[in-house]
Amino acid sequence: MNGWIAIVVAALLLAVALQAATGFGFALLAGPSLYSVMAPDRAVALLLILGLCVNVLVLAGERRTLAVDWAGLVPAMLAALPGLPIGAVLVRVLPADALRIAIGVIVCALVAHRVFRRAATAELPPGRLTAAAAGFSAGVLTTSTTTNGPPLALWLGGRGLQPAVVRDTVSAAFLLLDFVGVGVVLAVVGPHRALAEAIWLPALIPVVLVGHLAGSWLFRRLPVHRYDQLLLLAVAAAGAVSIVSGLR
């Protein structure tokens, strides 16, 4: 058991550092480690609570002016709302493994498309339709696989925005989705079961703080082009993990 605890702590540390550095990647690394040591419904609640802590630290724990793209975020989050129940239905009617594989393939294809667009010096249009598509996809993924970051990260990263804007906007989106997600989990699973693993929080919060310090330090020192490369690498890794988890 001690070995599993060490793995969970190491994965959480890396996950928080990646999230603080890019605004994305927490669920990608922290999710599988928590699912391996506790029941999925309990792990989801703990993951959402820790995710709230991570995003609050990014947005409010660095003593700086926020750079959130509210004009793009509002329509994206409004579009995410109808996606939440659709994702919950999909995860019930479709085989979970097939869903993970399909999502992974789509994510990897989007990364490849984004790379080719960047090579052609093209950027994604900043219109409301693009924001709505990214938000709706994130909503569906929130309640189906919890890996809701790729569409938001690709959308914002492909618009030619500054890294600080991408990072803060993705963090704000995750904060809203995690907050709603906690409410949904409490309502569906029940507070007693959903919060059964809250006893882990006193031990894991210090890990979150250390990971955030490391990730924010890295973000401040990343050149713009390196940030975009790291973001694309994290999204591609999310797609690969989704495919592998579906093939197991």
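What follows is a short chat about the fold, the cores, the salt bridges and the surface.

Me: First, what kind of model is this?
Reply: It is a predicted model.

Me: OK. How many helices and strands are there?
Reply: The secondary structure comes to 11 helices and zero strands. Along the sequence the pattern is α-α-α-α-α-α-α-α-α-α-α.

Me: And how much of the protein is buried?
Reply: Of its 248 residues, 46% count as buried. The accessible surface is about 11,900 Å², and 73% of that belongs to carbon and sulfur atoms.

Me: What share of the contacts joins residues 24 or more positions apart?
Reply: Among contacts with a separation of 6 or more, 82%.

Me: Let's go inside. Which residues have the most contacts in the largest nonpolar core?
Reply: Phe24, Met77, Leu152, Trp155 and Val235. That core has 35 residues.

Me: How many residues of helix 7 are buried?
Reply: Nine of the nine, so helix 7 is largely enclosed by the rest of the structure. Leu152 and Trp155 are among those buried residues.

Me: New topic. Where does Ala15 sit, and is it buried or exposed?
Reply: Ala15 is in helix 1 (residues 2-22). Ala15 counts as buried because its relative accessibility is 0%, and the cut-off for buried is under 20%.

Me: What does Ala15 touch?
Reply: Beyond its neighbours within four places, Ala15 is in contact with Gly25, Phe26, Leu29 and Ala30. Ala15 and Gly31 are 16 residues apart in sequence, and their C-alpha atoms are 9.1 Å apart.

Me: What about His212?
Reply: His212 lies in helix 10 (residues 201-221). His212 is buried, at 5% relative accessible area. Not counting residues up to four places away, His212 touches Val16, Ala20, Leu57, Val58 and Glu62.

Me: Glu62 has a charge partner too, I guess. Which side chains does Glu62 meet in salt bridges?
Reply: One is Arg64, at 2.6 Å, N to O. Another is Arg167, at 2.7 Å. The pair of Glu62 and Arg167 links distant parts of the chain. Glu62 is in the loop between helix 3 (40-60) and helix 4, Arg167 is in helix 8, and they are 105 residues apart.

Me: How many salt bridges does the structure hold?
Reply: Three. Asp168 also forms one with Arg64, with the closest N and O atoms 2.8 Å apart. Asp168 lies in helix 8 and Arg64 in the loop between helix 3 and helix 4, so this pair ties together parts that are 104 residues apart in sequence.

Me: Which residues end up in one network?
Reply: Glu62, Arg64, Arg167 and Asp168, joined by salt bridges that share partners. Arg167 is buried at 1% relative accessibility, and Asp168 is buried at 1% as well. Arg64 is partly exposed, at 32%.

Me: Last one, the surface. Which residues make the nonpolar patch?
Reply: Trp70, Val74, Leu78 and Leu81 make a patch of about 430 Å². Val74 lies in helix 4 (residues 70-93) and is partly exposed, at 45% relative accessible area.

Definitions and conventions: Residues are numbered from 1 along each chain as its sequence is written. This is a predicted model: local features need pLDDT of at least 70, side-chain atom pairs count only at pLDDT 80 or more; totals for chains, interfaces and linings use all residues. Side-chain values use heavy atoms; hydrogens and water are left out. Patches are made of residues with over 30% relative accessible area and no salt bridge: like charges are joined within 9 Å, nonpolar side chains (Val, Leu, Ile, Met, Phe, Trp, Tyr) within 5 Å. Accessible areas come from the Shrake-Rupley method with a 1.4 Å probe; for residues, only the protein chains shown count as cover. A salt bridge is a side-chain nitrogen of Lys or Arg within 4 Å of a carboxyl oxygen of Asp or Glu. Helices (H or I, at least four residues) and strands (E, at least two) are DSSP runs, numbered from the N terminus. Buried means under 20% relative accessible area, exposed over 50%, partly exposed in between (1.4 Å probe, protein chains only). A nonpolar core is a set of buried Ala, Val, Leu, Ile, Met, Phe, Trp, Tyr and Cys residues joined through side-chain atoms within 4.5 Å. Contact means heavy atoms within 4.5 Å.
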